[in-house]
Amino acid sequence: MIEVDGLTVRYGGVTSLDAMSLTFEQGTCGLIGPNGAGKTTFFNVLSGFVRPAAGAVRAFGVDLLSMAHYRRARWGVRRTFQTEQAIEELSVFDNVAMVHEHSRLGGASRRADVLDAITFTGLDADPETKVRTLGAGQRRLVEVARAVVGRPRLVLLDEPAAGLPDEETSHLAEVIRRIPEHTGALAILVDHDMSLVSACCATTAVLDFGKLIASGPTAAVLRDDAVIRAYLGVA
Amino acid sequence: MPPWVDFEPFIVSGLALGGVYALSGVGLVVLYRATGVLYLAFGAIGALGALIAWSLTTRAGAPGWAGWLVCVAVAGAVTLGYGLLFGPALARRDPLIKAVATIGLTLILYGVMDLLWTTSGGQARSLTLPTDNGGFTVAQIQVTWTQVIALAAGVVLTVGTGTFLRFTKLGTAMRAMANDRDITATLGVPVRRVEAAAWLGCGILGGIAGLLLADLVALDATTLTFLVISSLAAVLIARLRSITVTFVAAIVIGLLHDLLTPIASLTSYRDMTPFVIAAIGLLVLSRHQVMTQSREEA
Amino acid sequence: MSGTVRATLERASPARIARRPTRPQLIKASVTTVLLLFAFFALPELLSLYYIDTMTQVAVYSMVTLALGLLVGRVGLFSLGQAAVLAIGAWAAARLLFATTQPYPLVLLEAGLITMVAGLLIGLPALRLRGLYLALITLMLAGSITVVLATVNFPNGGHGFLGYNGGLLHIPPIRRPSIAASDPAYYRFSVVIAIVMFALVLAHIKTKPGRAWAAIRQSEPAALAAGINIWFYKLWAFALASFITGVAGGVLAGAIHYLYSINFPTQDSITLLAVTLMGGVFSLWGAVVAGLLYQFLPALLNNWGVSADWLIILFGLGVLQVLTTAPAGLADQVPRDLRRLGHLLGTRIRRFRRGPGGDGA
């Protein structure tokens, strides 16, 4: 369970997150909102790249904001980025192994854990191939494998389906939906693709101009008037 | 500790040296703000110009002022040429890469200078300006006109450049480009022309600095090429942004360097002055933040 | 379970992370071994003393460019003061060689460690800076070290901490290892040390620090998100590079016997960076190419009576070329060009063999 309490982030004169208070219960949760609503900022706070002006985050009982950023990954915060960041000159195996070797887990289980994560994503490529030879959809799966290897506690997925064709998106949806049951982690998915969000997330929260405007079961939230107004604008 | 009177001549020479460092520093800062390039070849072009001026006046018998004009013209031309040739190719790269590229230019110039004006053979060259001979006395300290010019040039150019940047159209364009080159281009500012102006201006300042330093310090390719590091120190303390801070830092560096001369225990270390000041300045200033290049903040 | 992943699991043993080498890797390893054996055994027999001394210098400076390449290529740190670090290593080795009777390899290790500590002391505060500022502070610190060394001088057998006696009339030469006193033998010794240093770097690249460096170079946010302590790994690279350069300094001390501050001028740092960029910062062979550019070509030109200044100009042009077009340098570009040439020749030969009256000709 993740409890966010009064989280506020300011860049110069802009307030990216405005006293956001929200609780993520379990499973895969969606986080949507128009561009500039503060979703990536929220992820940046959780990853430790941005310091909030005010507020607190408790993840599984631990005060997340007091941890140094690289320690959070060790603790179990995993993240994918809007522009995918798999390391090109390393192999698929090395990319995933790198996350494992910087976590709390030891070397004995490494090979098994890494191959398990790769299998989980359904990536059909030799783990020894260099990532630079892979296509966009495959690279996204490598990123997901990096996010689920070992014992993650919080998996943050930032627009993982961006730029992918439909069949790869539906495969990705399947994978994302199964993350909590496979790893025991809580997953938060940010995306603009509503069918993806509906397919994976039991609950969804909506941000607009840094404020939380709705949260609850996904189907209900997507029909909420306030949400539709936020996306389409007031007439 | 030597008596005060021993320090007096060094106050004057220190201020003069600081003046030239300030002049160089301002040139470096303005170019950086307009193009993102830290022009490490600044000393080398000044050295090249000074050596050409020397050859013209002592070997070809040309009058002094012709030599100076050629010096400034060559320095300006080489700098402008480099900017036009390599500026666009590297425009989108990291400031670090752009600066390292100017190291390439430095090496080329250095090789050319050593080839054409070899230092082996023990012949020491010197460049004297007619203003070395005249002067006046202030409180029993001798001051030559060259030293006055050096300090005055530093002051005038700092004030002048600041005014230029703030009040002229070209200056405002340069400040806009320092902020964001692409957006400035979309506003209809002739970006290429503004950049060319910045390169040319920096080159001209390099030529002037080269002449003054050749006179005040030594006419030697190595010395002059690497003397840019002292101006770099001032520019670093100003974080490549403020002209005023550059000026003050440059004066302090010049003064401190020369004032250490009469102190027997420290005099052989005085060449460390710019390095130490820059290092301390950088580390103190970076205490609270991780410093990134101002043009390329993530 | 996907087919290829299952195949990987079945191929490998669960106990160790074994990767069967591929054919190109085997070819590369064999070529490397042959070249190294040639360099060690055959080269000293074939060359004159002048060139043997040159090749010793190549070995020394290949280690320096190896360290520089590590910093620039793997971690993105452009050190503008590597000559000063080399000077520290040479100073430490000379001091120990005069003051003690320790065996040479031990002195090299100690010189490397001393230089590493110096590198760490610099790196700890300096690594808070990034990019351009970090490069410039290495220039500033190197300048300071150069001035200090010019004043305190290199050890020449004197007493006291600095080991320098200004009044000595006959300065003793810095000793060499007893089994490698002659020039050809000392050349072989320097080659062995260089191989050890290269192996040390290879060991790093293939394991955890290498992966972390690759991640840091591509994207610091992604590295952070993977749990990598960026500052720690940058410091590690700094320490390793300083250690290797220090060892190189120690080998240099024995090579030239007498050390003066003019052996380590400021422009050397810049030229070293230039040749490192030209040789290529992403491959170990690039460091050797850089060493050859830096020491072998000047010696060659010197022998032919051509001024080495032409090389300085060439290096300047090389920097500009590398930065504007080929970021991976010669060591990457030349094999690629050779392969392309080989491919071109192959198709020409095949077309020729088919001859007139062949299919569709």
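In which sense, left-handed or right-handed, does α3(C) cross α12(C)? In this predicted model, α3(C) passes α12(C) in a right-handed crossing.

**Contacts between chains**

- Two pairs of chains touch, and of these the pair formed by chains B and C has the most contacts.
- Chain B brings 42 residues into contact with 36 residues of chain C, and on the chain B side at least two residues each are supplied by α3 (64-90), α4 (95-116), α10 (228-237) and α12 (273-285).
- The largest share of that side of chain B, 17 residues, comes from α4(B), and by class the residues of the side divide into 32 nonpolar, seven polar and three charged.
- Chain C also meets chain A, with 24 residues of chain C in contact with 31 residues of chain A.
- On the side of chain C that touches chain A, the elements giving two or more residues are α1 (3-11), α8 (208-218) and α9 (220-225) of chain C, and the residues of this side comprise 13 nonpolar, eight polar and three charged.
- Chains A and B, by contrast, do not touch, and their nearest C-alpha atoms are 11 Å apart.

**Helices α3 and α12 of chain C**

- Helix α3 (residues 49-75) and helix α12 (residues 284-303) of chain C pack with their axes 7 Å apart, at an angle of about 140°, which means that α3(C) is oblique to α12(C).
- Residues of α3(C) including C:Tyr51, C:Val58, C:Tyr61 and C:Leu66 meet a set in α12(C) that includes C:Leu284, C:Val288, C:Leu292 and C:Phe296.
- The contact of α3(C) with α12(C) has 12 nonpolar and eight polar residues, and no charged residues.

**Helices α1 and α5 of chain B**

- In chain B, the axes of helix α1 (residues 4-35) and helix α5 (residues 145-167) come within 7 Å and cross at roughly 30°, so α1(B) is roughly parallel to α5(B).
- The crossing in which α1(B) passes α5(B) is left-handed.
- Among the residues that meet here are B:Val12, B:Leu15, B:Gly18, B:Gly19 and B:Val26 in α1(B), and B:Ala150, B:Leu151, B:Gly154 and B:Thr158 in α5(B).
- By class, the contact between α1(B) and α5(B) has 13 nonpolar and seven polar residues, again with no charged residues.

Definitions and conventions
Residues are numbered from 1 along each chain as its sequence is written. Chains are lettered from A and ligands numbered from 1 in the order in which they are written. This is a predicted model: local features need pLDDT of at least 70, side-chain atom pairs count only at pLDDT 80 or more; totals for chains, interfaces and linings use all residues. Two residues are in contact if their C-beta atoms, placed from the backbone, lie within 7 Å. Helices (H or I, at least four residues) and strands (E, at least two) are DSSP runs, numbered from the N terminus. Ala, Val, Leu, Ile, Met, Phe, Trp, Tyr, Cys and Pro count as nonpolar, Asp, Glu, Lys and Arg as charged, and the others, Gly among them, as polar. Axes are lines fitted to C-alpha atoms, for helices over the stretch in contact, and angles run from 0 to 180 degrees between N-to-C directions. Angles under 35 degrees count as roughly parallel, over 145 as roughly antiparallel, 65 to 115 as roughly perpendicular and the rest as oblique. A crossing is left-handed if the near helix is turned anticlockwise from the far one by less than a right angle, and right-handed if clockwise.
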